[in-house]
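Let's take a walk through this one together, starting with the overall fold and then zooming in on a few side chains. Have your viewer ready.

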Amino acid sequence: MDAVALDRNATEEPSAAEGGSTTTPGARSLSGEKAQRIVEAMRRSVARRGTAGSTFDHVSREAGVSRGLLHYYFGTKEQLLVEAVRRDCELRLELLERQLSTAQTADDFIDLMAENLQETVRDDPDFVTLVFELFTLSRRNADIAVEYAELMRRTREQVAGMLADAQHQGILRLHADPEAVAEVLFSLGDGLALRMLAEPDRDFARTVQAGIACARSLLTD
């Protein structure tokens, strides 16, 4: 295949059969299966190489799609990173909401949140790395900073809604505004996750229990 053909393959828009769309960039909808492959490939690449080393060539090969498809839907690897974190957060918050819907007591609620954090660090450290990479990138890129702040706002408000619902049901008794409590819980979780990843061989059981005691002081009588 000659160089002209290679360049055409790298830049052409995908057909409708590929999941193409006539909408403008940034509003394009990628089919679920292809999107998941691309997002998973980006997660793996960032965990191994960091954002700087995660080129569209690497990600497209790992996802089994054309580089042109990544350019068409995401424009830049930074926007792909934002989308990867956004999709992951949405899925994780949906799962957390389903889990918390089974809580009958404050202890149930707190234990489920603590278990969710430990499972994420243990079973999917790539996600934690992805979030921290996006934060680091947001400090250098104004557009990504806006995207990151919006993502933080949405996740904070969603968890605040879960807390407010639990309080309405009589499961929790919040000692501050739901959004403020959600922010503190995220801060605890993010800090613990960072330290747990930094020292994977250390036993964090007592640290997690201390974090649970902090959460209990905000969520219960």
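What follows goes from the whole chain down to aromatic rings, charges over rings and one threonine.

First, keep in mind that this is a predicted model. Read from the N terminus, the elements go α-α-α-α-α-α-α-α-α-α. Of the 221 residues in the chain, 40% are buried. As for contacts between residues at least 6 apart in sequence, 66% of them join residues at least 24 apart. The chain exposes about 12,200 Å², with 51% of that coming from carbon and sulfur atoms.

Now for the rings. A pair of aromatic rings is described by how far apart the centres are and by the angle of the planes. How many aromatic pairs are there here? The count comes to 2. One of them joins Tyr72 and Tyr73, with 5.0 Å from centre to centre and 85 degrees between the planes. That pair is edge-to-face because its angle is over 60 degrees. Are these two residues buried or exposed? Tyr72 is buried, at 9% relative accessible area, and Tyr73 is buried too, at 7%.

Phe135 and Tyr148 also form an aromatic pair, this one tilted, with 5.9 Å between the centres and 55 degrees between the planes. Phe135 sits in helix 7 (residues 125–138) and Tyr148 in helix 8 (residues 142–168), so this pair ties together parts that are 13 residues apart in sequence. Phe135 is partly exposed, with 38% relative accessibility, whereas Tyr148 is buried, with a relative accessible area of 14%.

Rings also turn up alongside arginines. Arg92 lies over the face of Phe127, 4.1 Å from the ring centre.

Let's finish with Thr220, which you'll find in the segment after helix 10 (205–219). What does its side chain reach? The side chain of Thr220 gets to the backbone oxygen of Arg216, at 2.7 Å. Thr220 is buried, its relative accessible area being 14%; that label applies because the value is under 20%. If you set aside the neighbours within four places in sequence, Thr220 is in contact with Ala106, Ile110, Arg173 and His175.

Conventions
Residues are numbered from 1 along each chain as its sequence is written. This is a predicted model: local features need pLDDT of at least 70, side-chain atom pairs count only at pLDDT 80 or more; totals for chains, interfaces and linings use all residues. Side-chain values use heavy atoms; hydrogens and water are left out. Rings of Phe, Tyr and Trp (its six-membered ring) pair if their centres lie within 6.5 Å; planes under 30 degrees apart count as stacked, over 60 as edge-to-face and the rest as tilted. Buried means under 20% relative accessible area, exposed over 50%, partly exposed in between (1.4 Å probe, protein chains only). Helices (H or I, at least four residues) and strands (E, at least two) are DSSP runs, numbered from the N terminus. A charge sits over a ring if NZ of Lys or CZ of Arg is within 6 Å of the ring centre and within 35 degrees of the ring normal. A polar contact is a pair of N or O atoms within 3.5 Å; within protein, one must be able to donate a hydrogen and the other to accept it, and residues adjacent in sequence count only if both atoms are side-chain atoms. Contact means heavy atoms within 4.5 Å. Accessible areas come from the Shrake-Rupley method with a 1.4 Å probe; for residues, only the protein chains shown count as cover.
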